[in-house]
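Hi everyone, thanks for coming.

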Amino acid sequence: MVVGGRGHGAIGRILLGSVSEGVVHHSKFPVLVVRGGQDAWPPERVIVGDDGSGAAGGAAGLAASIGAVFGAGIVLVRAYRYPPEPIGGWSPEDRRRLDEERAREEDALAKRARNLRQRPGNGLTTRLVEGDPAAAILRAGEESRSLLAVGSRGLGVIGRARFGSVSSKVLRAATGPILVYPHVSGGSARANAGEASTAGRRTRVPS
């Protein structure tokens with residue numbers, strides 16, 4: 001499904017929402033939201049936000065196929081967050097556990113990249129960054145004319161209002177085109193994603 005953006009700025013979209021956002025959150029199919037006019041298309045790069053979910057895997061595969069049509073390179077972005085450092089700093093054991101968590105994130109990102117490299121494309125790079133996932137995706141998209149691709153977390157209306165989601169933040173803040181792949185479950189997720197998804201992991205607070 002392809003829809004256009006309303007045209008008002010990021011602040012307006014945050015305050016008022018948009019028709020395109022409503023379509024994205026109710027659609028059972030991938031939605032491409034076109035923004036930025038003729039200067040924003042075709043994309044030079046495809047920025048994929050990965051969190052290990054089936055929806056993110058579906059977004060990656062579909063966006064890679066779109067990018068291949070235009071010879072666009074792919075950047076696979078995964079973000080993680082360290083918990084706040086305790087007073088007195090991390091103990092050696094805490095640091096070891098944090099390093100292990102980062103290594104697991106790196107392994108999961110590498111696995112996703114191997115799946116994507118089996119598809120036609122024009123080069124693929126990965127980025128593992130510490131910080132907010134939406135901010136990491138948006139920063140990567142500012143470096144060139146980009147198509148941003150994310151999966152939806154599948155939160156309901158109340159959940160999105162209380163917690164937000166990466167797809168909502170990217171959809172509201174991005175100035176160029178965005179592809180949002182819907183949250184699906186069970187067999188449908190496997191069929192729609194077209195590839196085995198890696199298990200999503202989150203950094204845990206050391207005890």
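So, in this predicted model, the structure holds one aromatic pair. Here, rings of Phe, Tyr and Trp (its six-membered ring) pair if their centres lie within 6.5 Å, with planes under 30 degrees apart called stacked, over 60 edge-to-face and the rest tilted. Ours is edge-to-face, because the rings of tryptophan 41 and phenylalanine 70 have planes at 80 degrees, with their centres 5.6 Å apart. Helices (H or I, at least four residues) and strands (E, at least two) are DSSP runs, numbered from the N terminus.

Now, how accessible are these two? Tryptophan 41 is partly exposed at 30% relative accessible area, and phenylalanine 70 is partly exposed as well, at 37%. For us, buried is under 20%, exposed is over 50%, and partly exposed is in between, with a 1.4 Å probe and protein chains only.

Zooming out, the chain has eight helices and seven strands, and 46% of its 207 residues count as buried. With contact meaning heavy atoms within 4.5 Å, 80% of the contacts between residues at least 6 apart in sequence join residues at least 24 apart.

A word on the ground rules. Residues are numbered from 1 along each chain as its sequence is written, and side-chain values use heavy atoms, leaving out hydrogens and water. Local features need pLDDT of at least 70 and side-chain atom pairs 80 or more, whereas totals for chains, interfaces and linings use all residues.
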